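This report goes through selected features of one protein, from overall counts to single contacts. The sequence and structure come first, and the description follows.

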Amino acid sequence: MLAAPALGTELLRLQAGPMERTLTLKDLEQFAATGKLPPTLQEFAPLITGELQALLNQTFEIDRQIADRFLQDLLKTRDGQTLMAQLQQAIPHSSSHDLQFAMYETLNAAEKITPLTILAHYPQQELTIDLIMAGRLALQLRRADLHSQILSPVLAEQLRVKSSRSPLPRPSFDPSQLGPLPVRHRNLVFEDRSRRRRISVDFYHSHQAQGPLIVLSHGFAADRRFMAYLGEHLASYGFTVVALEHPGSNIDLLAKISLNREPGEVLAAQEFIDRPLDIQFLLNEIERRKTQWPNTGKLFNTDQVVVVGHSLGGYTALALAGGELDLPALRSFCQKSSPIGRSPADWLQCSAAKLPYTTLNFRDRRIIQAVALNPVVGHLFGAKGISKVMVPVMMFSHNHDAVAPILEHQLQPFRELTVNKSLIAILGATHMSITDESNSNSTMAQSTLVREVMGLDAAPVRALVKGLILSLVQQHTEKADIYRPFLSAAYVESRSTPEFTMRLTRELPPEVNRWMEALLLPSLVPDATRSVWFNLNQRWVALQHRLRPPRSCRGQLDRIFNQLLS
């Protein structure tokens, strides 16, 4: 049991190399409130930016019970010990005991959770902060966000439709609008006794059927209703849609997080096997039973299946399309990566690292197309496993996705695909932007730990998803020619709004590839000496000369790099 402190932190001693200054916590609070530096901080002005002020003011609305469980489990693991050691480097003379107390006390007692309230609950009157080490940790924490800031203007410019000589004809209809057929909806539960899994399924269909069967696979901690609007939309055009719930990674899992389970095991490793097997089992059951359904059996075309998956469901879709898990590559990443720099998707993918295999392949020949919405990919398929995908792929990527960041989870895997493929980049959207509007009040939506654009604000994103996926599955029907123009870069770009820049590409341009290669280089461990900073700056100048970024991007890129150097 941690004892309550007699005093909270009142004085902060800031160090940056030979420079050292002492200020009160109230001075920092005043800076957070006004943006004005107190006299004690004037010498550190180059290191203290508006972004620091925003960080100090950020309020984290999170489920405290879940956060408390996660923290307890994390601190028992090797990753937790590494994280604590990194924090102690940034906060010299601190103890693991006191740091843990500050975290727990903030979760239990603070009216709101901000960086300042955590400092206020540290159980010592004086606290030393090494600004250089703290800056390193901040860079690791913001790595994915900085990647996104650098890549976003490059993607917007390089994926823009360059020629207007053949403008898109004005379509006579909008594929994002609901179709003419009435939609029927029903729910069934299937029992897979061999794996002890109860799989609840929602069916969306009309009185007639055309084209392939469409399967919807939700992400981690979601449910079968996550993309209900898409099921309704496709069924209104005559497609049969099956939305299943994966029992080992659905919304109920959040309430079942065990205090004895490590964070890397919040998602059981077996779920990376069970998810594709859930869909294979479901297709087998429908094939077996549809002869017993005289009125509706003909609606289920199990010979041609399109799998649409979001997040972890995106992994599921790619696995069924032939993507081969590379477990040694995944284990290597999880052992070497710093826990403080991992995205939520990285924590999830590392759950699979304990699988006792070298490779795994779930290719199902009934799958004729995969749609991966903000997929969790990362290192799951290694450098070559994604090239084993055997069917066309449409992949969606959102630049403000803080859960499955754009570079390592979408752009890099997309580049390695060797099949007919398309990438839809929506700049301005987040991980949950494609979810059904009814999920706007979910735990994820209310959390400010990860900023999400959802509900009415994300209506243009859902409209594009509906129109593109409808046009995609229509390519397997006699109406293919009518819908093909909607699968063009010009059409996608025309759907852009002031809030969302929308792009489509079949291949990443050379300029985008060069920026990706630069960002994917092994991270440099910065040294506090001038020579290292000078070398970094020289490398940045050389990189800009080599890559020649668009003029409109240069100011923003320089600003980001200057933040890195400071």
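Contact here means heavy atoms within 4.5 Å. The model is predicted.

## Overall make-up

The protein contains 21 helices and 14 strands. Of its 566 residues, 53% are buried. If contacts in the protein are limited to residues at least 6 apart in sequence, 77% of them join residues at least 24 apart.

## Helix α8 against helix α14

Helix α8 covers residues 143-158 and helix α14 covers residues 406-416; the two pack with their axes 10 Å apart and at an angle of about 45°.

Sorted by class, the contact of α8 with α14 has five nonpolar, two polar and two charged residues.

## A three-stranded sheet

An open sheet is formed by three strands in the order β2-β1-β3, with mixed pairing. The edges are taken by β2 (19-24) and β3 (126-130), each of which has a single partner strand, so one side of each is left without a neighbour in the sheet. From one strand to the next, the twist averages 20°.

Strand β1 (residues 11-16) pairs with β3 in the parallel sense, over five bridges. In this part of the sheet, L12 stands opposite L127 in β3. Helix α1 (residues 25-34) lies across β1 and β2, and its direction is at about 85° to β2.

A90 is located in helix α4 (residues 78-90). With a relative accessible area of 4%, A90 is buried, since the cut-off for buried is under 20%.

Leaving aside residues up to four places away in sequence, A90 touches T128, I129, D130, M133, A134 and L137. For one of these, M133, the C-alpha atom is separated from that of A90 by 4.8 Å, although the two residues are 43 residues apart along the chain.

## Helix α11

How many of the nine residues of helix α11 (residues 312-320) are buried? Nine of the nine are, so helix α11 is largely enclosed by the rest of the structure. The buried residues are L312, G313, G314, Y315, T316, A317, L318, A319 and L320.

Just after α11, G322 takes a positive phi of about 120°.

## The disulfide

A search of the whole structure finds one disulfide. Its partners are C334 and C350, whose sulfur atoms are 2.1 Å apart. C334 belongs to helix α12 (residues 327-336) and C350 to helix α13 (residues 344-350), so the pair ties together parts that are 16 residues apart in sequence.

The link of C334 and C350 is left-handed, with -100° about the S-S bond. Is the pair C334 and C350 buried or exposed? Both C334 and C350 are buried.

Conventions: Residues numbered from 1 in each chain as written. Predicted model: local features only at pLDDT ≥ 70, side-chain atom pairs only at ≥ 80, totals over all residues. Heavy atoms only, no water. Disulfide = S-S within 2.5 Å. Helix = DSSP H or I, 4+ residues; strand = E, 2+ residues; numbered from the N terminus. Buried < 20%, exposed > 50% of the residue type's maximum accessible area, 1.4 Å probe, protein only. Pairing = 2+ DSSP bridges. Axes fitted to C-alpha atoms, helices over the stretch in contact; angles between N-to-C directions. Nonpolar A, V, L, I, M, F, W, Y, C, P; charged D, E, K, R; others polar.
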